[in-house]
There are 2 protein chains.
Amino acid sequence: MSIKLYGAVSSWNTLRARHALLEKGMTVEEISLNLSAQEQKRPDYLALNPFGKVPVLTEGDFTLFESRAIARYVAWKYSSLGKPLIPDVENSRSIALFEEAASIELTQFDHFAQPLVLKEIIARFQGKVVPEDEILPLLQTLNVNLDIIDRILSKQSFMAGRQYSLVDGFYMPLLHMLLKVGYQGLILERKHLKHWWETVSERPAWKEAVQPLNNLYDTF
Amino acid sequence: MSIKLYGAVSSWNTLRARHALLEKGMTVEEISLNLSAQEQKRPDYLALNPFGKVPVLTEGDFTLFESRAIARYVAWKYSSLGKPLIPDVENSRSIALFEEAASIELTQFDHFAQPLVLKEIIARFQGKVVPEDEILPLLQTLNVNLDIIDRILSKQSFMAGRQYSLVDGFYMPLLHMLLKVGYQGLILERKHLKHWWETVSERPAWKEAVQPLNNLYDTF
């Protein structure tokens with residue numbers, strides 16, 4: 001049954017789902033929404049995702065939203081395609097450490113990186129500069145947390161252990177956006193994080209997945 | 001091997017992990033940290049969790065942090081104890097919908113409820129009132145998102161489907177805190193959310209898990 005991905009070129013959450021699909025070698029039929037025209041708030045789309053956000057995956061009559069849930073679904077369902085992106089659930093400690101890393105990404109990284117990127121993008125489109133007092137608390141927390149993540153990466157090659165996993169892919173879209181909007185130092189001034197980034201961003205599936213977003217933001 | 005839970009009575013994240021352990025009928029040996037005395041930032045504790053946060057679970061030489069990862073570990077490892085708290089991973093669509101619901105909890109609820117509760121608690125300890133302009137954006141988003149969650153609960157009894165699961169437990173600590181700090185309306189003025197709350201908060205494991213926190217915050 002063919003998989004469709006409803007998304008938007010400008011959306012890093014769409015990028016997260018698209019990347020996971022491409023890591024599994026899946027062909028992605030993507031239906032692009034015009035977010036500026038609020039197409040994601042139209043009734044027919046709200047029937048797919050009541051929160052009115054992208055991305056949404058459909059497969060026949062099955063509908064799934066939230067980019068990380070989509071990535072997990074693809075990794076489980078197509079586990080036989082390519083290398084595994086998620087540990088075997090029979091190994092309770094490996095999967096526990098995968099879940100620990102997945103939770104860190106959301107609670108210690110995304111929670112602070114997402115508002116920072118959003119503020120920067122909105123300000124640029126308005127030709128303004130974000131007031132420093134709105135940015136500093138986010139940057140302070142990110143600096144503390146990325147130091148800890150850098151130390152974790154001094155002991156293991158990837159976010160959830162020795163092998164590339166979905167969790168690496170969970171981080172990549174927002175880290176890419178931080179680079180785009182001028183926070184290169186957050187990543188490139190940390191030895192292990194820089195090395196990790198150089199490794200994961202060379203993955204062919206990532207390069208293909210990020211292309212549409214790069215074309216859009218190439219003036220940044 | 002005996003499980004230890006490093007936590008704090010005042011911590012809703014500790015409550016989340018304690019609750020999952022009790023749902024599985026596990027005896028919880030809890031080591032309470034004094035967060036005011038910054039015990040969670042001491043080197044011996046940072047060796048358990050470099051982010052310096054509670055809770056942490058240890059089982060022999062195995063260490064795990066992030067409350068949701070702890071809950072998932074317990075649910076997988078002790079899946080044979082009591083009713084399952086997580087769908088069978090062989091059923092890729094059920095587990096996908098579980099992951100969708102788990103992601104909604106973090107990105108559409110916790111992300112906004114946590115700063116709201118934190119601001120209210122800090123203000124109360126300082127004998128102040130939180131400025132309205134700090135609260136309103138959080139409340140507006142929570143109202144929109146809880147309306148959507150209320151509609152989801154009009155079609156299914158629990159957050160991830162027809163049965164109680166870990167995701168219900170993920171929501172409960174912060175919802176309980178919202179009730180404590182004066183936002184009863186957020187939950188009790190929504191028909192399906194109110195009904196869900198009345199059902200899940202009657203669970204014996206929850207009642208036992210929440211007791212220490214209630215004793216602490218009984219003046220709220």
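User: Let's start with a strand: which residue is the bridge partner of A:Lys4 in S3(A)?
Analyst: A:Lys4 is partnered with A:Thr58 there. Strands and helices here are DSSP runs numbered from the N terminus, with at least two residues (E) for a strand and at least four (H or I) for a helix.

User: Before we go on, what am I looking at, and how is it numbered?
Analyst: This is a predicted model, so local features need pLDDT of at least 70 and side-chain atom pairs count only at pLDDT 80 or more, while totals for chains, interfaces and linings use all residues. Residues are numbered from 1 along each chain as its sequence is written, chains are lettered from A and ligands numbered from 1 in the order in which they are written, and side-chain values use heavy atoms, leaving out hydrogens and water.

User: OK, back to the strands. How many bridges join S1 and S3 of chain A?
Analyst: Four bridges, between S1 (residues 3-7) and S3 (residues 56-59) of chain A, and the two run antiparallel. Two strands are said to pair if DSSP finds at least two bridges between them.

User: And in what order do the strands of chain A's sheet come?
Analyst: S2-S1-S3-S4, four strands in an open sheet with mixed pairing. S2 (29-32) and S4 (62-65) of chain A are at the edges with a single partner strand each, so one side of each has no neighbour in the sheet. From one strand to the next, the twist averages 20°. Angles like that run from 0 to 180 degrees between N-to-C directions, with axes fitted to C-alpha atoms (for helices, over the stretch in contact).

User: Which strands of chain A does helix H1 lie across?
Analyst: H1 (residues 12-23) of chain A lies across S1 and S2 of chain A, at about 160° to S1(A). Helix H3 (residues 67-77) of chain A lies across S1, S3 and S4 of chain A, at about 130° to S4(A). Contact here means heavy atoms within 4.5 Å.

User: Now chain B. What order do its strands take?
Analyst: In chain B, four strands form an open sheet in the order S2-S1-S3-S4, with mixed pairing. S1 (residues 3-7) and S3 (residues 56-59) of chain B pair in the antiparallel sense over four bridges, and B:Tyr6 sits opposite B:Val56 in S3(B).

User: Which helix of chain A lies across S3 and S4 of chain B?
Analyst: Helix H4 (residues 92-125) of chain A, running at about 30° to S4(B).

User: Which residues of chain B lose the most area to chain A?
Analyst: B:Phe51, B:Trp76 and B:Arg93, which together make up 20% of what that side buries.

User: How many salt bridges are there between chain B and chain A?
Analyst: Six. One pair of side chains that meets in a salt bridge is A:Arg93 and B:Asp61 (3.7 Å, N to O). The rule is a side-chain nitrogen of Lys or Arg within 4 Å of a carboxyl oxygen of Asp or Glu.

User: How many salt bridges over all chains?
Analyst: 28. A:Lys119 and A:Glu134 form a salt bridge, with their closest N and O atoms 3.2 Å apart. A:Lys119 is in H4 of chain A and A:Glu134 in H5 (residues 132-155) of chain A, so the pair ties together parts 15 residues apart in sequence.

User: Last topic: is the peptide bond from A:Val54 to A:Pro55 cis or trans?
Analyst: Cis, with omega near 0°. A:Pro55 is in the loop between helix H2 (43-46) and S3 of chain A. A cis peptide bond also joins B:Val54 and B:Pro55, with omega about 0°.

User: What about phi of A:Glu66?
Analyst: Phi is near 75° for A:Glu66, a positive value in a residue other than glycine. A:Glu66 is in the loop between S4 and H3 of chain A. Most residues other than glycine have a negative phi, and most peptide bonds are trans.

Terms used: Buried area is the accessible area (1.4 Å probe) that two parts lose on being put together, summed over both.
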